[in-house]
Amino acid sequence: MEKLSKPRVVFDEKENGPAHTWFDALARFSGLREALQRLDECVLPNWDMKAECTHINAIRPVNPVTNGCQECLARGDDWVHLRMCMTCGHVGCCDSSKNKHATNHFLHTKHPIIRSAEPGEPWGWCYVDELQLEFEDAA
Ligand SMILES: [Zn+2]
Ligand SMILES: [Zn+2]
Ligand SMILES: [Zn+2]
């Protein structure tokens, strides 16, 4: 497995509050020991994140499972844009698509975070917090 680079967390303290809230959230959800390990060992892929999202431990170093919306491919439908689940790699269609399979995936699995699977779009979304996230694409 390829080595993942160190998470880079960018804070705008005016917008996001104090930087330590990110670490607090990680510690609360993953345990302090794991939070410290993640800071040191860089388990997570590169990402920038707003401090308010408390679902960062749902992010895995996933790859897209399918080369298009999984459900639309299965039934021969089309889509507008693609979103990838950051927990399991499910690829689903966006809310501008008629089937909204990405949101549907969240509703069924509770996997909280997606990112755009469109080339050059490094943004993500936490469904639970309704927060936009910034991912830094791995080099
Ligand atoms: Zn969240
Ligand atoms: Zn779809
Ligand atoms: Zn998922």
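Student: In the hairpin of E4 and E5, which residue takes a positive phi?

Tutor: Strands are DSSP runs of E with at least two residues, helices are runs of H or I with at least four, and both are numbered from the N terminus. Two strands pair if DSSP finds at least two bridges between them. Here E4 (residues 113-116) and E5 (residues 123-126) pair in the antiparallel sense over 3 bridges, and Ile 113 has Cys 126 in E5 as its bridge partner. The hairpin has 6 residues between the strands, and Gly 120 takes the positive phi, near 75 degrees. This is a predicted model, in which local features need pLDDT of at least 70 and side-chain atom pairs count only at pLDDT 80 or more, while totals for chains, interfaces and linings use all residues. Residues are numbered from 1 along each chain as its sequence is written, with chains lettered from A and ligands numbered from 1 in the order in which they are written.

Student: How many bridges join E5 and E6?

Tutor: E5 and E6 (residues 131-135) pair over 4 bridges, in the antiparallel sense. Trp 125 has Gln 132 in E6 as its bridge partner. Between these strands the hairpin has 4 residues, and Glu 130 takes a positive phi near 50 degrees.

Student: Which residues of helix H5 are buried?

Tutor: A residue is buried if 20 or more other C-beta atoms lie within 10 Å of its own, exposed if 12 or fewer, and partly exposed in between, with C-beta atoms placed from the backbone. In H5 (residues 101-109) the buried residues are His 101, Ala 102, His 105 and Phe 106. They lie on the same side of H5, because they cover an arc of only 150 degrees around the axis, taken from the directions from the helix axis to the C-beta atoms. An α-helix has 3.6 residues a turn, so residues three or four places apart point the same way. Leu 107 and His 108 are exposed, on the face of H5 turned away from its buried side.

Student: What do the buried residues of H5 pack against?

Tutor: Two residues are in contact if their C-beta atoms, placed from the backbone, lie within 7 Å. The buried residues of H5 pack against H4, E2 (82-85), E3 (91-93) and E4.

Student: Why does Cys 69 count as buried?

Tutor: Cys 69 counts as buried because 28 C-beta neighbours lie inside 10 Å. Its place is in the loop between E1 (47-48) and H4 (70-75). Leaving aside neighbours within four places in sequence, its contacts include Trp 79, Val 91 and His 101. The C-alpha atoms of Cys 69 and Val 91 are separated by 5.1 Å.
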